[in-house]
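Dear colleague,

I am handing over the structure we spoke about, and below it you will find an account of what came out of the analysis. Please look at the sequence and the model first, and then read on.

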There are 2 protein chains.
Amino acid sequence: MKKNYRMVIAYDGTRYKGWQSQKNAENTIQGKLNSIFTKLEGNEVEVQGSGRTDAGVHAAGQVANVRLSVEMPAWEIKDYVNHYLPEDIGVMQMKEVSDRFHARLSAVKKTYCYRIFNSSDPNVFERKWMYAIAEPLDVEAMCQGASCLQGVHDFAAFCRKPSKKKSTVRDISSIEVVRKEKEVDIIITGNGFLHNMVRIIAGTLTEVGLGKYEPLRVRQILESKDRKYAGEMLPAKGLILQSVEY
Amino acid sequence: MKKNYRMVIAYDGTRYKGWQSQKNAENTIQGKLNSIFTKLEGNEVEVQGSGRTDAGVHAAGQVANVRLSVEMPAWEIKDYVNHYLPEDIGVMQMKEVSDRFHARLSAVKKTYCYRIFNSSDPNVFERKWMYAIAEPLDVEAMCQGASCLQGVHDFAAFCRKPSKKKSTVRDISSIEVVRKEKEVDIIITGNGFLHNMVRIIAGTLTEVGLGKYEPLRVRQILESKDRKYAGEMLPAKGLILQSVEY
């Protein structure tokens, strides 16, 4: 009889090809976890994440579940897995949950943060987890632009390659732009995200912050439903999956 | 006519053999700076730091001075140097100062912080700048032990190889042990530090925090003036030079 375990995972995505395990690609976070759980279980095991994160994207609170028949308390499974994981991936929580829990299908909301180091100074200690923009960003204008995106909208303009068959409508329940000294964070919570959506939104709001776009142009871009009007996608290194709600 | 410049330098010491340039050792922070300033100046230039930091030790506020004849405003020299420095070293401030300023001889106080990650959880994002101790530390006992070290004392017991010719008396004006969630910091300010002194003090206070030494044993160790009674030296990666006062 297998038990279902829910875990919270943190990772420094710098040297990985993203969450999702791939054939012939060793370096994925899911791949690392799968092989450790498979070793523990003695049979092929697949960890189910709340969703993919792209190559180079980080997580403080990715959530996954895994079904195991091994007889061990959850804290011991956690210690076992952390013992074999590389230093840049860590299981922060592990607990037994109802069999119905599915990390992807049961997810209600996710929060991502895009971190910008907004200074021409060097960023010695956080250089791997923030994208640097030297010119000062107008955070008030960015907030105005961001507010156009809150709510239920068709986000096709902020998607890398929108599928014609799948809906590009998402519900963004909250989007904030916050300055903390030299750091500007774009924090977005929604019921789901299209491919590269947060990084394209961050790039578009950056254009607003630099004065290249008027804040209200964000609404026009949204309404165009056309990727070509949005700003450039910002690099993966500034993006972190903060948390997943159930 | 040379001008004297004072700079504040931050570095992630992980991949360096310490501050001090060495013959046949490429990877030192001073060595990197010397070679960039020498290129800028067209003549051999040596940067003078407030003091050495050992291999693997970090700095948020190392201070150094350099004498240059090049005609450039300080901010432009700063940008030039940062352009050529690797990402894990950065000049945070640069300004012209009186010719009498000498980063080592003029220094009045230095503050070091030893950072302990006090949890059995993984420390994914700060693993390179904190030393992990899984067993819970008794911070109150550590504070009691630390208070024995405040003031003017002979710190021979906390020095790797005390010289018989040079004084091992130092004035520790402040020593604090502070918990912030999973982090325990030992913050020490003094007029000077013996070789490995902060790391040996941190190791001794850790024994107190683990209940292996009584807090008052720190006073006995101090009075013994004998290295063999103090705790083990903790690893370099947890140590950071926070600031230098003039």
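**Fold of chain A**

Among contacts in chain A between residues at least 6 apart in sequence, 70% join residues at least 24 apart. Please keep in mind throughout that this is a predicted model. Chain A has 5 helices and 10 strands, and its radius of gyration is 19 Å, close to the 18 Å that the globule rule gives for 246 residues, so chain A is as compact as a globular protein of that length. Taken along the principal axes, the C-alpha atoms of chain A fill a box of roughly 60 × 45 × 30 Å, and 53% of the 246 residues of the chain count as buried.

**Where the two chains meet**

Turning to the interface, 23 residues of chain A are in contact with 23 residues of chain B, and the two chains bury about 1700 Å² between them, with 61% of that area on carbon and sulfur atoms. The count between chain A and chain B is 6 salt bridges, and there are 4 residue pairs in polar contact between these chains, counting pairs with both residues at pLDDT 80 or more. The elements that give two or more residues to the side of chain A that touches chain B are strand 1 (3-11), strand 3 (58-68), helix 2 (74-84) and strand 4 (89-97) of chain A. The largest share of that side, 4 residues, comes from strand 4 of chain A, and the residues of the side as a whole divide into 12 nonpolar, 3 polar and 8 charged.

One of the salt bridges joins the side chains of A:R127 and B:E87, at 3.7 Å from N to O.

Side chains of opposite charge can pair when their charged atoms come close.

In one of them, B:R67 pairs with B:D99, the closest N and O atoms being 3.3 Å apart. This pair links distant parts of the chain, since B:R67 lies in strand 3 (residues 58-68) of chain B and B:D99 in the loop between strand 4 (89-97) and strand 5 (109-117) of chain B, 32 residues apart. B:R67 is partly exposed, with a relative accessible area of 31%, and B:D99, at 48% relative accessibility, also counts as partly exposed.

Another salt bridge is formed by B:K182 with B:D121, where the closest N and O atoms are 2.9 Å apart. Here too the pair links distant parts of the chain, with B:K182 in the loop between strand 8 (169-180) and strand 9 (183-190) of chain B and B:D121 in the loop between strand 5 and strand 6 (131-132) of chain B, 61 residues apart. Are these two partners buried or exposed? B:K182 counts as partly exposed at 35% relative accessibility, whereas B:D121 counts as buried at 17%, because buried is taken to mean under 20% relative accessible area.

The side chains of B:K228 and B:D226 also meet in a salt bridge, at 3.5 Å from N to O. B:K228 counts as exposed at 61% relative accessibility, while B:D226, at 26%, counts as partly exposed. Finally, salt bridges that share partners join A:D12, A:E87 and B:R127 into one network.

With best regards

Methods: Residues numbered from 1 in each chain as written. Chains lettered and ligands numbered in written order. Heavy atoms only, no water. Contact = heavy atoms within 4.5 Å. Buried area = accessible area lost by both parts, 1.4 Å probe. Salt bridge = Lys/Arg side-chain N within 4 Å of Asp/Glu carboxyl O. Polar contact = N/O pair within 3.5 Å; in protein donor to acceptor, adjacent residues only side chain to side chain. Nonpolar A, V, L, I, M, F, W, Y, C, P; charged D, E, K, R; others polar. Buried < 20%, exposed > 50% of the residue type's maximum accessible area, 1.4 Å probe, protein only. Rg over C-alpha atoms; globule rule 2.2 N^0.38 Å.
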